[in-house]
Amino acid sequence: MSADAPDPTDHLRRTLAAVAAATPATDRRDELEAAVDAQGGRRVRWLLPAVAALVVAVLATAFVVTRGGDEGAEQTGPADEGTEATTPEEISGLVVVGDAVGGDLVPIVRYRERKAAVWLYDAAEDRVEALPPPIDGWLVDATTVASDDWVVVTGETCPHRLVDADTGFVCGPEGVDAVLVYDVAAGRWSRLDVPRQGEASTPTVMSIVGATATLTYLPTWRSPAVAFATVDLAADELALAPRDVEPATECRRAQSPALWFTRPDATLAHVEAADGTEGRTVDLTAGGLLGPDLWRADPVPDCLSARDLLLLARHPTPTTPSTFTVYRLQDRPVEVLTVEGTADLTGLQLVAGPDWFATAEDGLVVVRDLDGTVRTEVPHEEHEEPIATETGLVLARVRGPAGVAFRVIPLP
Amino acid sequence: VADGGAEEVTVVAGRRSDEAGRRALLDLYDAEHAAMVRLAHLLTGSLAVAEDVVHDAFLRVYDGLDGVREPGAYLRRTVINLCHSQHRRAGVERRWRDRQPPPEVVLPPEVDDTWRAVRALPARQRAVLVLRFYLDLKVDDVADTLGVPVGTVKSDIHRGLAALALEVER
């Protein structure tokens with residue numbers, strides 16, 4: 001830097017102050033009040049139905065149900081077996097909409113502020129079923145994936161509704177990381193508690209292939225490598241089997257069922273197909289598509305995956321526009337498509353069906369054949385999440401207290 | 001635990017009433033909301049994400065305000081943690097709220113260019129610079145807040161400023 005150049009520290013301070021000063025803060029006080037009222041009133045609203053449910057439960061089963069925590073009687077425990085038809089509008093609370101893996105069932109999990117609950121949206125039937133509660137408690141950091149046979153939910157489970165004074169959003173010492181598995185045919189939940197591994201995060205379910213679920217531990221700042229483990233969902237007793245892989249870098253926002261990871265120098269990718277075929281390793285340097293500097297680039301590109309597609313999104317620099325490139329990784333990497341000039345890659349998403357893939361960007365969802373030919377385009381509403389099902393593309397939008405809205409996009 | 005009866009007020013032993021807690025939360029909202037949105041905007045680079053994070057933060061601290069001596073600091077810590085969590089888990093947890101998108105942030109060209117460069121920094125680098133040069137936290141406090149070693153913070157400051165210096169020279 002020359003002697004006359006401005007001090008970057010001062011310049012940064014001025015920039016941050018100017019951005020902060022120009023940042024408008026939309027008043028959402030009404031929304032906050034409504035949410036708080038909903039939390040407070042819930043205790044009373046649920047009281048009578050809960051008492052009635054308790055009486056019925058006692059008469060029917062002669063079991064005595066005891067409860068803990070400060071929530072009063074809100075939900076029945078996992079004693080309720082079987083599913084219950086409902087509507088998307090009846091889904092309430094803060095929810096996660098997960099991925100459908102090789103089927104039409106889209107899992108929806110409620111977590112945090114209210115007790116854990118799970119629903120399944122069937123894209124083929126356009127209907128929602130409520131599953132029995134996976135636990136009698138709360139979930140934090142829930143993730144979920146469903147195949148036609150299994151629903152897998154991961155998260156930190158809390159027997160009581162606790163708030164940690166330092167972080168404000170963990171269960172506290174009573175929190176236990178768990179893998180919750182629902183057998184669709186049998187209609188019952190199983191649970192596997194997972195010991196916390198040092199600084200590792202709560203496990204995230206990424207895929208289900210056959211009766212095997214693959215979990216990842218997302219990187220943390222103190223533990224930058226991704227760790228993997230599998231669970232045999234059909235086993236009599238669930239167990240976690242660590243995957244022996246090299247330290248890896250996971251594609252951010254990876255979509256199941258495909259799973260990608262690379263060596264730290266980003267020269268290899270490992271691909272697991274949705275059809276249960278053996279995973280294979282792809283040399284990303286073949287054909288000069290990717291180089292070892294990928295993950296050292298500044299800014300680091302975003303990496304997304306779906307089935308055997310790999311999308312790399314390069315953020316803009318002061319001199320170059322943002323771009324994203326989709327690769328189809330088969331025997332050899334094949335470049336499918338490059339799009340330049342995308343304004344904002346923050347919300348870029350990728351999903352893939354059997355013979356199509358879709359990107360959501362800039363208010364538009366573009367569905368393409370695997371050779372890159374555009375098949376259809378549909379408007380993409382804010383916060384709408386694309387999900388690939390066997391029936392076709394589904395767009396899910398959580399509407400807070402108003403439930404979840406699903407749109408099934410027909411593919412010509 | 002007493003049920004609320006007709007007044008819909010539930011008092012749990014050791015906790016303030018719903019109404020008192022609600023009032024404390026809304027007072028905190030009035031005092032801190034705008035500042036927290038500004039901070040979250042700087043940390044995440046996205047105003048839309050910032051608004052969601054801050055809204056989520058207020059809901060989270062609602063149950064934790066009892067016994068907290070400095071609610072503002074508690075809230076700020078929660079916002080910073082959520083921004084970190086949002087980055088780490090973006091796309092894994094899918095949350096949406098039914099509302100209008102926030103208005104655009106209009107900046108002077110010279111600020112806009114640098115801000116674009118700041119947004120392009122890796123998330124942790126950006127967070128380090130924001131905590132150090134916007135909140136004026138000491139390096140030790142930045143390290144403590146983000147849960148990283150002091151050396152990492154110093155390295156991030158060095159690298160981040162170097163990247164921005166290149167931008168300033170252009």
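Helices and strands here are DSSP runs, numbered from the N terminus. The model is predicted.

**Positive phi**

- D126(A) lies in the loop between β5 (117–122) and β6 (127–130) of chain A. Its phi is near 55 degrees, a positive value in a residue other than glycine. D126(A) is exposed, at 52% relative accessible area.
- D136(B) sits in the loop between α5 (123–133) and α6 of chain B. Here phi is near 60 degrees, again positive in a residue other than glycine. D136(B) is partly exposed, with a relative accessible area of 48%.
- As background, most residues other than glycine have a negative phi.

**Helix α6 of chain B**

- Helix α6(B) spans residues 139–146, and its buried residues are V142(B), A143(B), T145(B) and L146(B). These residues cover an arc of only 165 degrees around the axis, so they lie on the same side of α6(B).
- The face turned away from that buried side carries the exposed residues D140(B) and D144(B).
- G147(B) follows α6(B) and has a positive phi, near 70 degrees.

**Salt bridges**

- Over all chains, the count comes to 11 salt bridges.
- K115(A) and D136(A) pair through their side chains at 2.7 Å, N to O. K115(A) lies in the loop between β4 (105–110) and β5 of chain A, and D136(A) in the loop between β6 and β7 (138–146), so the pair ties together parts 21 residues apart in sequence. K115(A) is buried, at 3% relative accessibility. D136(A) is partly exposed, at 33%.
- E384(A) forms a salt bridge with R407(A), with the closest N and O atoms 2.8 Å apart. E384(A) lies in the loop between β26 (374–379) and β27 (385–388) of chain A, and R407(A) in strand β29 (residues 404–409), so the pair ties together parts 23 residues apart in sequence. E384(A) is buried, with a relative accessible area of 3%. R407(A) is partly exposed, at 28% relative accessibility.
- D113(B) and R116(B) meet in a salt bridge at 3.4 Å, N to O. The two are three residues apart in helix α4 (residues 109–120) of chain B, which means about one helical turn separates them. In an α-helix, residues three or four places apart point the same way, because there are 3.6 residues a turn. D113(B) is partly exposed, at 35% relative accessible area. R116(B) is partly exposed, at 39%.
- D355(A), D369(A) and R375(A) are linked in a network of salt bridges.

Terms used:
Residues are numbered from 1 along each chain as its sequence is written. Chains are lettered from A and ligands numbered from 1 in the order in which they are written. This is a predicted model: local features need pLDDT of at least 70, side-chain atom pairs count only at pLDDT 80 or more; totals for chains, interfaces and linings use all residues. Side-chain values use heavy atoms; hydrogens and water are left out. Buried means under 20% relative accessible area, exposed over 50%, partly exposed in between (1.4 Å probe, protein chains only). Helices (H or I, at least four residues) and strands (E, at least two) are DSSP runs, numbered from the N terminus. The arc is that of the directions from the helix axis to the C-beta atoms. A salt bridge is a side-chain nitrogen of Lys or Arg within 4 Å of a carboxyl oxygen of Asp or Glu.
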